[in-house]
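I opened this notebook to record what I looked up in the structure, entry by entry.

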Amino acid sequence: MPYLKVSFLFFPLFIFACEKETVVILENKGAVTGTVSAMPQKAGKMPKQMRHCTPCHSIKKGAKNKIGPNLFGVIGREAGLVPGYKYSREYKEGKWLWTRENLDLLINKKYGTLEEAVRKLTGNPKARTKMKFYGAADEDAQKILDYLESLK
Ligand code: HEC
């Protein structure tokens with residue numbers, strides 16, 4: 001009988017402990033969901049830094065070329081390959097790949113001018129490009145590259 005009394009005494013405490021545990025688990029789940037939903041953001045919303053590029057470039061899959069070629073899936077692609085776009089000779093004949101590094105070289109101010117970048121990429125000291133862009137600050141360039149890389 002004393003045993004029963006003791007367990008009665010502890011019963012509410014036990015429930016309380018269980019409830020606490022449930023709450024903790026729920027909170028943990030919440031935290032996990034939080035991180036998971038933060039991840040697709042990479043592929044989702046366009047960062048404001050992309051406004052450096054969107055006046056001249058469409059970025060949606062299959063969208064019409066503007067002043068410049070469509071940039072959907074550009075990272076990993078060879079230069080000068082967007083159908084229906086009239087590239088400058090340098091780009092048309094270009095054999096370089098738009099790796100993240102090469103695109104960084106093109107748009108990031110810290111590496112110098114666009115012309116210098118195209119000369120490095122083509123290996124032609126006289127190369128020119130139709131693109132007019134004064135370059136983005138390093139942080140902005142990284143945001144642009146992250147976003148372009150997520151477009152697949
Ligand atoms: C004022 C217009 C303009 C702006 C702003 C601009 N571009 Fe361009 N871009 C062009 C043009 C025009 C070309 C074609 C170059 C050529 O044929 O010489 C081009 C070409 C490119 C290419 C080569 C694509 C390929 O298929 O080989 C990439 C990559 C590119 N731009 C990225 C960017 C990014 C990223 C930004 C923003 C940071 C940007 N551009 C801003 C006009 C622009």
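Entry one. I looked up what covers the buried residues of H3, and found that the cover includes H4 and H5. For this I took helices (H or I, at least four residues) and strands (E, at least two) as DSSP runs, numbered from the N terminus. I called a residue buried if 20 or more other C-beta atoms lie within 10 Å of its own, exposed if 12 or fewer, and partly exposed in between, with C-beta atoms placed from the backbone. Two residues are in contact if their C-beta atoms, placed in that way, lie within 7 Å. The buried residues in H3 are Leu103, Leu105, Leu106 and Ile107.

Entry two. I noted that this is a predicted model, in which local features need pLDDT of at least 70 and side-chain atom pairs count only at pLDDT 80 or more, while totals for chains, interfaces and linings use all residues. Residues are numbered from 1 along each chain as its sequence is written.

Entry four. Which residues of H5 are buried? I found Ala141, Ile144, Tyr147 and Leu148. They lie on the same side of H5, because they cover an arc of only 130 degrees around the axis (the arc of the directions from the helix axis to the C-beta atoms). I also saw that the buried residues of H5 pack against H3.

In H4 I found Ala117, Val118, Leu121 and Thr122 buried. Their arc around the axis is only 120 degrees, which puts them on the same side of H4. I recorded that their cover includes helix H2 (89-92) and H3. After H4 comes Gly123, whose phi is positive, near 80 degrees.

Leaving aside neighbours within four places in sequence, I found Ala117 in contact with Leu105, Leu106, Tyr111 and Gly112.
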